Amino acid sequence: MPSTPSGTSITFAQLNELARRYAASLTAQATLTAEPLRELITEDVHWADPLLPQPLVGAQAVLDFTLTNFHTFPDLVCEIPEPPYLSEDGKRAVFYWRLSGTMKGALPNGVPATGKFVSVEGMDRWEFRDGRICRYRAFYDVMDLLKQCGLMPA
């Protein structure tokens, strides 16, 4: 994975604000649109999520994926259980989160809604350019998510 270009570091205060805005942008009832996320990512963002067969490239692809998540979990809430961690050079961060919601729509892979409430904890690794996320990688237990959705045996 290439490093973020030099001269693009952020401060801890900027990271905390970005994390707050990011969590708010993933809280479906608060936004009803994925547009607030656009301000936090670069137009050429590289976005890797375990539910996706391959990483997404570009802001519009990420916004479309986020809207799909809002349809799947219309009551989605993103919480910040602890402050994010910033690398010493300010070019990368780790952000811990908890996503909760009721599966009322299909998953991105087409699995139909089950009506189950889920709560999943995970973390993101962010790289920055010009104060925005240019590389994103999520880490969470997909098996746990599928079990909570009722799609796998407990």
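This is a guided tour of a predicted model, taken selection by selection.

**Stop 1: the core**

Start with the largest nonpolar core, which has 41 residues. Select Tyr22, Leu37, Ile41, Trp47, Trp126 and Phe128, the residues with the most contacts inside this core.

Now pick Leu37. Which residues does Leu37 contact, leaving aside neighbours within four places in sequence? They are Tyr22, Ser25, Trp47, Val62, Leu63 and Thr66.

**Stop 2: the aromatic cluster**

Stay with the rings. The structure holds eight aromatic pairs. Begin with Tyr22 and Trp126, an edge-to-face pair. Their ring centres are 5.0 Å apart, with 65° between the planes. Tyr22 lies in helix H1 and Trp126 in strand S6, so this pair ties together parts that are 104 residues apart in sequence. Tyr22 is buried at 2% relative accessibility. Trp126 is also buried, with a relative accessible area of 0%.

**Stop 3: Tyr85 and Tyr96**

Next, select another pair of rings. The centres of Tyr85 and Tyr96 are 5.9 Å apart and their planes stand at 85°, so the pair is edge-to-face. Tyr85 sits in strand S4 (residues 85-86) and Tyr96 in strand S5, 11 residues apart.

**Stop 4: Ser25**

Go back to helix H1 and select Ser25. Ser25 is buried, with a relative accessible area of 0%. Where does its side chain reach? It reaches the backbone oxygen of Tyr22, at 2.7 Å. Recall that Ser25 is also among the contacts of Leu37.

**Stop 5: along strand S6**

Move to strand S6, residues 117-129, and select Glu127. Glu127 counts as buried at 2% relative accessibility. Show its side chain together with that of Arg125: a polar contact of 2.7 Å joins the two.

Step on to Asp130, in the loop between S6 and S7. Check the backbone here. Asp130 has a positive phi of about 55°, although it is not a glycine. Most residues other than glycine have a negative phi. Asp130 is exposed, at 64% relative accessibility.

**Stop 6: salt bridges**

Turn to the charged side chains. A search of the whole structure finds nine salt bridges. Select Asp44 and Arg129 for one of them, with the closest N and O atoms 3.1 Å apart. This pair links distant parts of the chain: Asp44 is in strand S1 and Arg129 in strand S6, 85 residues apart. Asp44 is partly exposed at 43% relative accessibility. Arg129 is partly exposed at 25%.

Next, select Glu43 and Arg38. Their side chains meet in a salt bridge of 3.4 Å, N to O. Arg38 is partly exposed, at 22% relative accessibility. Which residues are linked in a network of salt bridges? Glu35, Arg38 and Glu43 are.

Finish this stop at Asp89 and Arg92, whose side chains meet in a salt bridge of 3.0 Å, N to O. Asp89 is partly exposed at 35% relative accessibility. Arg92 is partly exposed at 24%.

**Stop 7: the cysteines**

Last, show the cysteine sulfurs. How many disulfides does a search of the whole structure find? It finds zero. Cys78 is in no disulfide, and its nearest cysteine sulfur, that of Cys149, is 16 Å away. Cys78 is buried, with a relative accessible area of 9%. Cys134 is in no disulfide either: its nearest cysteine sulfur is that of Cys78, 20 Å away. Cys134 is buried too, with a relative accessible area of 6%.

Notes
Residues are numbered from 1 along each chain as its sequence is written. This is a predicted model: local features need pLDDT of at least 70, side-chain atom pairs count only at pLDDT 80 or more; totals for chains, interfaces and linings use all residues. Side-chain values use heavy atoms; hydrogens and water are left out. Helices (H or I, at least four residues) and strands (E, at least two) are DSSP runs, numbered from the N terminus. Buried means under 20% relative accessible area, exposed over 50%, partly exposed in between (1.4 Å probe, protein chains only). A polar contact is a pair of N or O atoms within 3.5 Å; within protein, one must be able to donate a hydrogen and the other to accept it, and residues adjacent in sequence count only if both atoms are side-chain atoms. A nonpolar core is a set of buried Ala, Val, Leu, Ile, Met, Phe, Trp, Tyr and Cys residues joined through side-chain atoms within 4.5 Å. Contact means heavy atoms within 4.5 Å. A salt bridge is a side-chain nitrogen of Lys or Arg within 4 Å of a carboxyl oxygen of Asp or Glu. A disulfide is a pair of cysteine sulfur atoms within 2.5 Å. Rings of Phe, Tyr and Trp (its six-membered ring) pair if their centres lie within 6.5 Å; planes under 30 degrees apart count as stacked, over 60 as edge-to-face and the rest as tilted.
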